[in-house]
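Work through the exercises below with the sequence and the model open beside you. Each one sets a task and is followed by a solution in steps.

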Amino acid sequence: MLKELLHQRQIMDRVAPHVHHPTTDNIKTPSHEFVSAQENNVGAEFIEISSNESSARGYDKINSPYDGSSLNTKERQLYQILRTLEMAMDCEKTDALPSKKMEMSKGKQELILKDSKERLVMIQSTAKGMHIQTSKKKNVNLKSTQPRFLAGPFSVPTPFTEDEKKLILYLFDDKLAEMDVVVRTEYSSITRSSMRSLLPRAWIDGDIITMYAEYKTIEEAQKDITSPRCWFLPSYYSQVVLGDSGDLNPYRRASRFQERYMPQLETCEKIYVPIHCEAHWYMLVIDILRQTADIWDSLESLSQREKMINQSLTILASLDFLLLREARLRFGSNFNFLHFQLGRQTGLPQQPNDFDCGYYTLKYMDNPSIVADQSYQHDSDYARILLALYLAQSPLNDIRHKLMQDASNGYGKCSAADSQRAPCKQASELRKAARNINLNQTPSEALLKTLL
Amino acid sequence: MEKSPDNIPDQHFINLVVKGQDNDPLYFEFRRDWEIKKLLITYCEKKDAQYGTFPFLINGNRFPHIRTPDQLGLKDGDEIIATFYAGGA
């Protein structure tokens with residue numbers, strides 16, 4: 001199989017120096033550090049296509065807004081060539097490529113495959129033509145071998161429906177206006193730029209946490225009035241209280257949140273306060289009945305401990321400022337939020353990466369939360385996509401009907417892009433055709449001719 | 001900052017203050033029937049920031065920027081808080 005490809009490469013190298021190469025002008029020379037970059041999973045722009053997915057499908061994704069519209073004609077042609085090569089490889093020894101992984105990077109103009117010996121094969125396009133390299137290391141581990149499905153920019157363990165896929169594409173499309181509101185309730189909103197913070201490996205925005213708290217607050221208000229209550233404060237509460245505002249009394253600004261997020265102290269039992277500390281989210285859970293305040297942190301670090309304690313005390317002091325008179329009527333004249341026992345919740349599941357603290361923080365608001373579930377297996381992409389769909393599709397989202405309509409109108413071609421892969425017979429024909437390249441033509445022209 | 005021309009009566013204007021995290025509030029005199037977005041863009045320009053950099057809050061809540069001060073129910077002297085988009089690992 002590799003011989004086959006190398007044969008093609010020789011053909012191309014022979015042709016390329018003499019002929020002006022139409023497809024690869026203006027393309028940067030790719031870096032040669034591809035193996036190490038893959039191992040470290042560097043480069044967020046990779047699109048992963050797993051073994052159970054059809055290989056052709058990934059390239060059909062060119063029509064999706066994440067690759068297609070930004071490509072110029074030359075790049076499109078290049079993809080077509082790569083696709084032909086890939087198909088040729090694929091149908092040659094389909095059985096010998098059980099764990100074939102393929103990654104495609106827009107910027108680097110290269111294609112990475114795994115061959116039967118678990119080595120990486122990289123097909124690069126340079127100014128001189130096509131290069132095919134094989135990595136020296138064997139058994140390079142790319143990512144998990146579980147079957148994954150693509151849904152927009154996410155790779156997920158279970159497939160989504162067409163409607164959901166369209167919605168995801170619509171929510172995260174970077175071609176559409178960033179300031180478009182995609183989720184709205186009476187008091188909060190999420191713009192597309194905030195929604196895009198749910199993209200894989202991105203840092204989750206305070207707006208997402210605020211909206212989740214908002215949903216929780218609304219659900220709490222719909223509950224039976226006699227049941228125990230929780231307050232879910234928005235992420236802006238701590239930002240406003242802890243921020244340097246220049247006011248004589250910084251807590252006075254916090255009073256603006258009181259009407260909306262702090263109803264009826266008499267029935268309140270717990271207060272959840274998401275706090276932002278040095279590019280990290282954590283949750284302060286205040287239990288009024290037990291008079292404790294616990295820090296719930298999904299990434300415990302000693303260096304930030306002192307700052308977190310100071311922040312937590314400031315939050316407690318702000319609650320004293322807002323609620324002390326009311327609270328003393330209920331709990332007696334010695335009641336004081338600042339006298340609460342400050343602690344740290346132990347045994348929390350820890351985030352397995354360095355970008356999911358926001359997700360863990362908002363999940364701590366759930367009851368029963370993931371804290372109680374020790375068997376919880378964190379799957380970042382899947383968790384994020386479910387959260388995005390939950391926020392968008394919830395009946396609490398005032399504009400969800402318009403959103404769904406826009407999504408299904410704007411992405412009618414989605415189903416065509418996800419069509420089944422070409423049958424093997426057709427691929428082998430393409431391979432044969434690709435082999436009989438007319439040497440008088442440039443390789444791209446010849447390949448394109450066979451394709452089109 | 002909008003200056004009121006002589007021919008428009010004063011009740012068409014509202015005084016607003018935008019407070020950021022930088023201890024340097026800006027005071028605005030603004031038309032009651034203009035979209036508040038105009039004011040927020042001006043604020044961002046004065047702070048050398050791009051519009052969309054700050055989340056703005058009125059009474060602790062985000063608000064639609066295409067509304068006017070009247071539609072938002074703002075009163076003279078009300079303040080708008082400019083916080084920051086906090087991401088975290």
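**Exercise 1.** Find where His378(A) is located, and decide whether the residue is buried or exposed.

*Solution.* Begin with the chain: His378(A) is found in the loop between α12 and α13 of chain A, where helices (H or I, at least four residues) and strands (E, at least two) are DSSP runs, numbered from the N terminus. This is a predicted model, in which local features need pLDDT of at least 70 and side-chain atom pairs count only at pLDDT 80 or more, while totals for chains, interfaces and linings use all residues. Residues are numbered from 1 along each chain as its sequence is written, chains are lettered from A and ligands numbered from 1 in the order in which they are written, and side-chain values use heavy atoms, with hydrogens and water left out.

Next, consider accessibility: His378(A) counts as buried because its relative accessibility is 18%, buried meaning under 20% relative accessible area, exposed over 50%, and partly exposed in between (1.4 Å probe, protein chains only).

Then look at the surroundings. Leaving aside residues up to four places away in sequence, His378(A) touches Pro352(A), Asn353(A), Asp356(A), Tyr359(A), Tyr360(A) and Ala383(A), a contact being heavy atoms within 4.5 Å. With the side chain of Asp356(A), the side chain of His378(A) makes a polar contact at 2.6 Å; such a contact is a pair of N or O atoms within 3.5 Å, where within protein one must be able to donate a hydrogen and the other to accept it, and residues adjacent in sequence count only if both atoms are side-chain atoms.

**Exercise 2.** Which residue meets Asp356(A) in a salt bridge, and which parts of chain A does the pair tie together?

*Solution.* The partner is Arg384(A), at 2.8 Å from N to O; a salt bridge is a side-chain nitrogen of Lys or Arg within 4 Å of a carboxyl oxygen of Asp or Glu. Arg384(A) lies in helix α13 of chain A and Asp356(A) in the loop between β14 and α12 of chain A, so the pair ties together parts that are 28 residues apart in sequence. Both Arg384(A) and Asp356(A) are buried.

**Exercise 3.** Describe the salt bridge of Asp366(A) and say how far apart in sequence the joined parts are.

*Solution.* First, the closest N and O atoms of Asp366(A) and Lys216(A) are 3.2 Å apart. Since Asp366(A) lies in the loop between α12 (357-363) and α13 (380-393) of chain A and Lys216(A) in helix α7 of chain A, the pair ties together parts that are 150 residues apart in sequence. Asp366(A) counts as buried at 16% relative accessibility, and Lys216(A) is buried too, with a relative accessible area of 15%.

Now turn to chain B, where the side chains of Arg31(B) and Asp33(B) meet in a salt bridge of 2.9 Å, N to O. Arg31(B) counts as buried at 15% relative accessibility, whereas Asp33(B), at 44%, counts as partly exposed. Back in chain A, salt bridges that share partners join Lys216(A), Lys363(A) and Asp366(A) into one network.

**Exercise 4.** What is the order of the strands in the open sheet of chain A, and which strands are at the edges?

*Solution.* The 5 strands run in the order β10-β11-β12-β13-β14 with mixed pairing, two strands being paired if DSSP finds at least two bridges between them. The edge strands are β10 (229-232) and β14 (341-344) of chain A, each pairing on one side only.
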